[in-house]
Amino acid sequence: MSCRRVCRELLWLARFGEFGPSSQPHLDHLAGCQHCRDEVGFDRALVQQLRVALAERVQDAAPSPDAFQAILARTRQPERRRWFVSWTTALGRLRFATAMAGTGLAVVLALNMEVVRVDVPDTGPARGGEAVLQQVPRMPPGHTTLVALGQRGDGGPAASRPDPEAALMWAATIPLAPAPAGGQEEPAEEPAEAPSVELRVAFRPFQIHDPGAGASAPDDPDDAGVVWAPVELSQGEPS
Amino acid sequence: MGNPTAIEAHQVPVEARQPDDLVERMQADDLDAFEEFFNTYKRPVYATAMAITRDPFLAEEVLQDCFVKAYRVRERLDPARSPLPWLQRVAINLCYSRVSRRRAIAEPITSLITNLVVDLAARPDQVVESREVLDVLQRGIDALPPKQQTAIILYYLHGYSLAEAAEIADCNVGTMKSRLHYALKALRARLPVERRLPVGTPAAVRVTE
């Protein structure tokens, strides 16, 4: 054991009077180490001075002779009730209430939102790997969030018919960029215009379909009440 | 640790002997019992308040609040146990709720030590030095965190055992030891190295005394 460690343990043992048979190595070290003797000696002197300093604080101190009468008088009075709070207390409560309200709002939002992730095939270096649609409201039970991908201007199936499954399949299989240079096959034809991906999100309104609407009801009951909100994602120029 | 008689000379008696049925008589609205209760426990409670606040008026205020509270909750006091730890805990809490509003900013330790080192060369007289050390310690006690301050007051002023001090401070014995250790460490750091060894006393004598 190092002298420093022995010294630290010696101070601990001496302060709390915990010397015992297991402390013999420490005492042996103490007998031969001037530094440790000085440290322990100083600690004892410090404690002695500390007792004197503490005693000075209460020297000749006694409560006033009428202290008990004052206490008795106060015990006979009805206990004061605090009908008002100090401004610091009020401010503290306001801060707490604000923090709790903010936390509650965050929890409510977190429980009612979800992140829908739409993967786009990586067909070129400038196209990126995926598009992420953020914060789509959670649909009520029994309804699913509809997401459709289409390619603008080509009259593809996603643009004409909002079939989410078909749109996703289609978007995943059609390359949106020419093959990279040095490839074995040349592209069949250059696209006239850089294609852009259109992301469509369907929000189903919270209303019950009225079966008695007759001719005004759409052919496909799944499409009833669907509102399309197009979101364009820039894909950049193909390299 | 140290000479027991010398230690006791600086300590506040922990507790006068408690009459057996004092709390029970107080619970039966016996005002004489309440007065006896007050006279039994006023000194250690007042000493605690004085040691923390160093203000007689504030200490008296704390004392009164403490015993008024004790009277109002007398039905909840356990007659089988000494009420002193509870009284001390209430007094300590009352003290710190008041002292925190008026506590002065502690002097930076470095400047304090520098001043003392300069003073050492100018005034080597031992008596003056002792007074200076006590002043340093008083300021050091004031600057301690409340929990460490409470620990040294309970252990070194009142002479409570570690277990009793831990009960009053509402912590375990290990925590109480740790608080005492760090309090002494902080107080040691306040004293310059030149003043750590009492003048004219061989270290070996101090260790074996």
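Trainee: What is the mean pLDDT of chain A?
Mentor: The mean is 65, and 44% of the residues of chain A reach 70 or more. pLDDT is the predictor's confidence in each residue, from 0 to 100. This is a predicted model, where local features need pLDDT of at least 70, side-chain atom pairs count only at pLDDT 80 or more, and totals for chains, interfaces and linings use all residues. As for labels, residues are numbered from 1 along each chain as its sequence is written, while chains are lettered from A and ligands numbered from 1 in the order in which they are written.

Trainee: OK. How many helices and strands are there in chain A?
Mentor: Seven helices and five strands. Along the sequence the pattern is α-α-α-α-α-β-β-β-α-α-β-β. Helices (H or I, at least four residues) and strands (E, at least two) are DSSP runs, numbered from the N terminus.

Trainee: And chain B?
Mentor: Chain B has eleven helices and zero strands.

Trainee: What share of each chain counts as buried?
Mentor: In chain A it's 15% of the 239 residues; in chain B it's 33% of 209. A residue is buried if 20 or more other C-beta atoms lie within 10 Å of its own, exposed if 12 or fewer, and partly exposed in between, with C-beta atoms placed from the backbone.

Trainee: Let's switch to the interface. How many residues does each chain put into the contact?
Mentor: Chain B gives 44 residues and chain A gives 37. On the side of chain B that touches chain A, the elements giving two or more residues are helix 3 (31-53), helix 4 (56-72), helix 7 (126-143), helix 8 (146-157), helix 10 (173-190) and helix 11 (203-208) of chain B. Helix 4 of chain B gives the most, with eight residues.

Trainee: What's the make-up of that side of chain B by class?
Mentor: It has 30 nonpolar, five polar and nine charged residues. Here Ala, Val, Leu, Ile, Met, Phe, Trp, Tyr, Cys and Pro count as nonpolar, Asp, Glu, Lys and Arg as charged, and the others, Gly among them, as polar.

Trainee: I was looking at Arg74(A). Which residues is Arg74(A) in contact with?
Mentor: Gln64(B) and Val68(B), leaving aside neighbours within four places in sequence. Arg74(A) sits in helix 4 of chain A and counts as partly exposed, with 16 C-beta neighbours inside 10 Å.

Trainee: Now the core. Which residues of the largest nonpolar core touch the most other members?
Mentor: Leu50(A), Ala49(B), Cys66(B), Ala91(B), Ala151(B), Ile152(B) and Ala165(B), out of 57 residues in that core. Helix 3 of chain B gives the most to this core, with eleven residues. A nonpolar core is a set of buried Ala, Val, Leu, Ile, Met, Phe, Trp, Tyr and Cys residues joined through C-beta atoms within 7 Å.

Trainee: What does Leu50(A) touch?
Mentor: Not counting residues up to four places away in sequence, Leu50(A) touches Leu137(B), Ile152(B), Tyr156(B) and Leu187(B).

Trainee: Leu187(B) is in helix 10 of chain B. Which other residues of that helix are buried?
Mentor: Met176(B), Arg179(B), Leu180(B), Ala183(B), Leu184(B) and Arg190(B). Seen down the axis, the buried residues of helix 10 of chain B fall within an arc of 130° (taken from the directions from the helix axis to the C-beta atoms), so they line one face of the helix. The face turned away from that buried side carries the exposed residues Gly174(B), Lys185(B) and Ala189(B).

Trainee: Last one: where is Asp60(A) found?
Mentor: In the loop between helix 3 (34-58) and helix 4 (67-76) of chain A. Asp60(A) is exposed, with 4 other C-beta atoms within 10 Å.

Methods: Two residues are in contact if their C-beta atoms, placed from the backbone, lie within 7 Å.
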